[in-house]
Amino acid sequence: MKGRKNTSDLIKMALFVAIIILLSVTPLGYIHLGVINATTIQIPAIIGAILFGWKKGAFLGGVFGITSMIKNTFQPNATSFVFSPFVPVFGRDEGSLLALVVCLVPRIMIGVVSGLLFMALSKTKISKTFSAGICGFCGAMTNTVLVMGGIYLFFGRSYSAAKEQAYEALIGTVMATITGIGITEALVSAVISAAVCIPLFKYLSKNA
């Protein structure tokens, strides 16, 4: 019985990993909303954390981070050095290991925050659907805040130079990203997480 459960858990995790990889290599990872794009790759990590706990959610977030590093390594743009240690930092001849912090830690924390928050909300009278929406919002915001914070802290001047803007203006860019794109992504994550978790909760309860 225990072996069957372990096999089932591995299959479920493999499915979520496959979804993350699919989103990372196709346009499905982004939803076009006029002048901005809302990233959706974080959503499987959030849902996985809600359904299976923060540890598995952290693992799925790590997978998201690795796919981001790979994409920025092999399809680099002007600011890919903040996500890949293999891409030279703007104005230098080599990359920085700090890129691993920016690329991996925020994504891992998506699962940690979403999983622990859902665990806490499950002890209240808030419905599972609404709780999933809250976790979707907070998980996505965790990613945006930590990524932009890491960029500002570790790569501020190089990032500003790559974007051809004054370093003094970077804090405004960071805040605009968090309050603009960040909140949009968080709202999308909240809606999708709540909608997807409704049938999954029912399915898992029947097949527990």
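The charged end of K128 is placed over the ring of F201, 5.1 Å from the ring's centre; a charge is said to sit over a ring if NZ of Lys or CZ of Arg is within 6 Å of the ring centre and within 35 degrees of the ring normal. R157 likewise lies over the face of Y167, with 4.0 Å to the ring centre.

Before going on, note that this is a predicted model, in which local features need pLDDT of at least 70 and side-chain atom pairs count only at pLDDT 80 or more, while totals for chains, interfaces and linings use all residues. Residues are numbered from 1 along each chain as its sequence is written, and side-chain values use heavy atoms, with hydrogens and water left out.

How many aromatic pairs does a search of the whole structure find? The search gives 4 aromatic pairs, where rings of Phe, Tyr and Trp (its six-membered ring) pair if their centres lie within 6.5 Å, and planes under 30 degrees apart count as stacked, over 60 as edge-to-face and the rest as tilted. One of them joins F81 and F155 edge-to-face, at 5.9 Å centre to centre and with 70° between the planes. Because F81 lies in the loop between α3 and α4 (98–121) and F155 in helix α5 (residues 128–162), this pair ties together parts that are 74 residues apart in sequence; helices (H or I, at least four residues) are DSSP runs, numbered from the N terminus. Both F81 and F155 are buried, a word that means under 20% relative accessible area, with exposed being over 50% and partly exposed in between (1.4 Å probe, protein chains only).

Another pair is formed by F118 and F201, which are stacked, at 5.8 Å centre to centre and 15° between the planes. F118 lies in helix α4 and F201 in helix α6, so this pair ties together parts that are 83 residues apart in sequence. F118 counts as buried because its relative accessibility is 9%, and F201 counts as buried at 16%.

Turning to the cysteines, a search of the whole structure finds 0 disulfides, a disulfide being a pair of cysteine sulfur atoms within 2.5 Å. For C135, the nearest cysteine sulfur is that of C138, 6.9 Å away. C135 counts as buried because its relative accessibility is 0%.

Finally, W54 in helix α3 (residues 54–74) is partly exposed, because its relative accessible area is 33%.

Note on methods. Helix = DSSP H or I, 4+ residues; strand = E, 2+ residues; numbered from the N terminus.
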